[in-house]
Amino acid sequence: MMRTGILIFFLGGSFFFSQKKEEDSASLISEVKIDAYKKPASFITSTKSVAVVSGDLLKQNTPERMLKSINQVGGVRMEERSPGSYRISVRGSTLRSPFGVRNVKVYIDDFILSDASGNTYFNIISPALINTIEIYKGPESGDYGAMTAGAILLQTRNTDHLSLNLSIGSYGAFNQSFDFSKQSGRHFFEIFHNYYRTDSYREQSSVERKQVYLKDRYNYSEKGILNTMLLLSDLNYETPGGLTLEQMKTNRKQSRPSTAVLPGAKDQHAGIHNKMLLTGISNQWNINSAFSHFIMVQGSYVDFRNPFITNFEKRFENNFALRTHLNYTKDVERLSMEWRLGFEGGINNITVKNFDNNGGETGVPQNFDQLKNLSGFYFLSQKLNWNEKLFTDISVSLNSNTYSWERSYPDNENGKVNYRNQWLPNFGITYLFGNGFSLRGKIGKGNSAPTNEEIRASDQQFNMNLVPEYGWNKEIGLRKQFWNVLFLEGSYFDFRMKNTIVRRQNEMGQEFFINQGNSVQKGFEGLVESKNFKFNSHGLSQFKFRFSGSFYHFRFKEYIQDSENYSGNNLTGVPATTINSLLNFVFFKKLAIDYSHFYTSKVPLNDANLVWSKSSFVGNIQFRIPVDFEKTRVYFYLQVQNLYNTDYVSGFDINAFGNRFYNPAAKRNFTIGANVNF
């Protein structure tokens with residue numbers, strides 16, 4: 001009854017609270033410009049199902065992670081199995097992701113964070129580096145390639161800035177970041193550094209991350225811009241492992257205990273040690289008023305080590321990627337046209353060695369393998385704008401993916417798999433009826449090949465029978481701005497997936513993947529956002545509110561495993577309902593309070609739908625107050641996470657062997673800090 005009362009208060013009383021930071025404008029999201037990878041458009045006229053995580057939303061979080069900010073987007077969930085271990089679910093895409101970000105293409109400015117197989121080490125990125133995020137939901141094909149879940153564009157700063165952040169928190173948390181960006185002559189450069197550590201809530205779950213990011217934007221002529229980037233990251237985090245329900249009830253803080261057959265996570269010093277170097281260079285050349293050309297090349301190196309319960313894995317990756325496109329624009333009376341013809345491709349080379357894990361030290365060799373993945377796509381897109389009323393975005397891409405593998409120990413084996421090339425069309429249309437009201441429709445096909453971690457999963461077998469999943473997505477949506485006060489967005493989609501990839505675990509806790517039937521994914525996503533209201537009052541000075549949510553009907557179709565028929569079951573790991581809110585208000589023209597809530601309905605934890613999680617309702621609150629010292633402003637803040645001390649799980653291990661589904665999240669915890677803006 002108490003939780004129900006809180007939920008009613010939260011939903012009913014939300015309209016009486018809110019805030020916005022002093023430096024924010026009063027503009028609504030409908031007035032925001034999205035980049036769409038160098039195809040700018042206003043949000044309200046965009047044909048895409050896009051969400052913007054602004055710098056304002058990113059500031060709602062604790063400094064070391066952006067989980068709560070991304071979770072303010074309907075249809076998107078960032079999950080945390082353990083501190084440092086993140087997944088991003090876009091419309092249920094984590095069905096195949098035991099850890100990491102898969103089936104979602106991730107870019108950072110001009111560059112690509114995802115490797116050629118589709119895997120992304122999202123957790124190497126410090127949230128303080130990111131200024132805004134654009135999230136594209138559903139198959140985009142065309143400019144972004146093949147992924148069925150969508151694409152994420154991370155954008156760093158593009159204006160002068162100098163800041164220092166220091167914070168401490170519960171469980172020994174310490175975070176420090178330095179960010180300096182400046183326009184100097186023809187150069188705009190940024191220098192960013194971050195250090196973060198915590199012991200975390202559970203046993204065997206400490207985290208340490210070090211990161212350096214450098215970039216330079218050089219306007220070497222009126223027609224040309226050269227961008228360079230260097231990212232260095234050193235991430236170490238322990239992995240406590242999943243618990244059974246009984247173990248979680250007995251002691252939420254414990255790591256996975258030992259059994260009669262296997263040692264526990266603490267005994268084996270289970271964890272991830274990931275060092276990554278990513279560097280790249282891009283050039284934008286405006287040939288004349290009609291033609292322009294873009295080219296980007298990049299390379300990365302990854303040193304990845306994973307002591308696990310049953311083995312110690314060492315992985316070394318070399319990656320290379322290229323993106324180039326020729327652009328043509330033309331205006332004829334009331335018609336504005338843009339064309340783009342391009343190519344993006346990548347090569348991913350992996351050497352992976354598995355040993356026995358002797359208490360965190362390598363033991364007897366198990367398997368030594370090499371894997372090479374090549375992927376790429378040619379794309380052609382056309383964007384039309386007729387009389388600032390009718391907007392279309394038409395694109396098609398030809399996608400290819402192949403991999404070869406070789407086992408050098410204990411046997412000598414090799415093989416090669418070529419997936420069939422896929423033509424992926426995408427068509428979107430928006431009609432602007434008047435100022436602040438648009439309707440849009442979209443249809444597109446997506447195709448997602450298995451990642452390296454699925455081709456060769458932790459069972460150390462090459463799965464040559466695994467094939468890409470694919471499907472068609474259809475959706476309609478509306479965006480409506482009511483005067484300059486309120487913005488409303490709603491969209492309905494229907495996505496039919498074929499050859500759905502699902503995760504399995506064997507009796508040793510090792511994972512493997514199979515194509516299992518089809519799925520039907522239908523859903524509604526909504527957003528309501530107010531402007532930043534300002535008052536001439538000594539009490540309440542400003543307030544703002546934001547609500548988002550998703551309501552899904554996701555089902556397996558034609559899914560038979562052995563003698564069991566799971567057709568009609570709920571899609572594993574996907575909640576039917578999520579409701580999020582952010583209430584911002586400012587008192588006395590100084591004290592800012594951010595009050596957020598996240599409701600998640602129960603989640604099916606296995607394909608048979610025999611085990612479900614409980615629903616959860618989590619609240620956070622943040623207090624901020626600025627203090628000025630001559631030319632320096634210091635924001636002091638206090639954040640309380642899990643305000644109501646809820647027992648909940650922020651990332652499940654779905655289809656886990658032995659019913660070890662649960663990774664308990666921290667109870668009520670605190671962060672205090674200061675952000676110094678010079």
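Which residue forms a salt bridge with R91, and how far apart are the closest N and O atoms? I looked this up and found that R91 pairs with E525, the closest N and O atoms being 3.0 Å apart; a salt bridge here is a side-chain nitrogen of Lys or Arg within 4 Å of a carboxyl oxygen of Asp or Glu. R91 lies in the loop between strand 5 (85–90) and strand 6 (104–108) and E525 in strand 28 (residues 518–530), so the pair ties together parts that are 434 residues apart in sequence.

Before going on, I note that this is a predicted model, in which local features need pLDDT of at least 70 and side-chain atom pairs count only at pLDDT 80 or more, while totals for chains, interfaces and linings use all residues. Residues are numbered from 1 along each chain as its sequence is written, and side-chain values use heavy atoms, with hydrogens and water left out. The helices (H or I, at least four residues) and strands (E, at least two) that I name are DSSP runs, numbered from the N terminus.

**Entry: salt bridges**

The structure holds 37 salt bridges, and I followed two others. R456 forms one with E313, with 3.9 Å between the closest N and O atoms. This pair links distant parts of the chain, since R456 is in the loop between helix 5 and strand 24 (469–482) and E313 in strand 17, 143 residues apart. I found R456 buried at 7% relative accessibility, and E313 buried at 9%.

The side chains of E453 and R315 also meet in a salt bridge, at 2.9 Å from N to O. Here E453 belongs to helix 5 and R315 to strand 17, so the pair ties together parts that are 138 residues apart in sequence. Both E453 and R315 are buried. I also wrote down a network of salt bridges that links K39, K48, E140, D143, R340, D393 and K442.

**Entry: cavity and pocket**

How many cavities of 30 Å³ or more does the structure hold? I read off 14, where a cavity is, on a 1 Å grid over the protein atoms alone, a set of points where a 1.4 Å probe fits but cannot get out, and a pocket is an open set with protein on both sides within 12 Å along at least five of seven lines; lining residues have an atom within 4 Å of a point.

The largest cavity has a volume of about 680 Å³, a volume being the space filled by probe spheres set on grid points that are joined across faces, edges and corners. Its lining has 37 residues, of which F99, N306, F308, S458 and E511 lie nearest the centre. Among the elements that each supply at least two lining residues I found strand 17 (312–332) and helix 5 (452–455). The lining divides into 15 nonpolar, twelve polar and ten charged residues; Ala, Val, Leu, Ile, Met, Phe, Trp, Tyr, Cys and Pro count as nonpolar, Asp, Glu, Lys and Arg as charged, and the others, Gly among them, as polar.

The second largest pocket has a volume of about 620 Å³. Of the 30 residues that line this pocket, K614, S616, D647, Y648 and V649 are the closest to its centre. Strand 4 gives the most to the lining, with four residues.

**Entry: backbone details**

I found a cis peptide bond that joins Y409 and P410, with omega about 5 degrees; P410 lies in the loop between strand 20 (390–409) and strand 21 (413–418).

Two residues other than glycine that I looked up have a positive phi: W483, near 50 degrees, and N642, near 55 degrees. W483 is in the loop between strand 24 and strand 25 (486–498) and is exposed, with a relative accessible area of 73%. N642, in the loop between strand 36 (632–641) and strand 37, is buried at 2%.

Conventions
Buried < 20%, exposed > 50% of the residue type's maximum accessible area, 1.4 Å probe, protein only.
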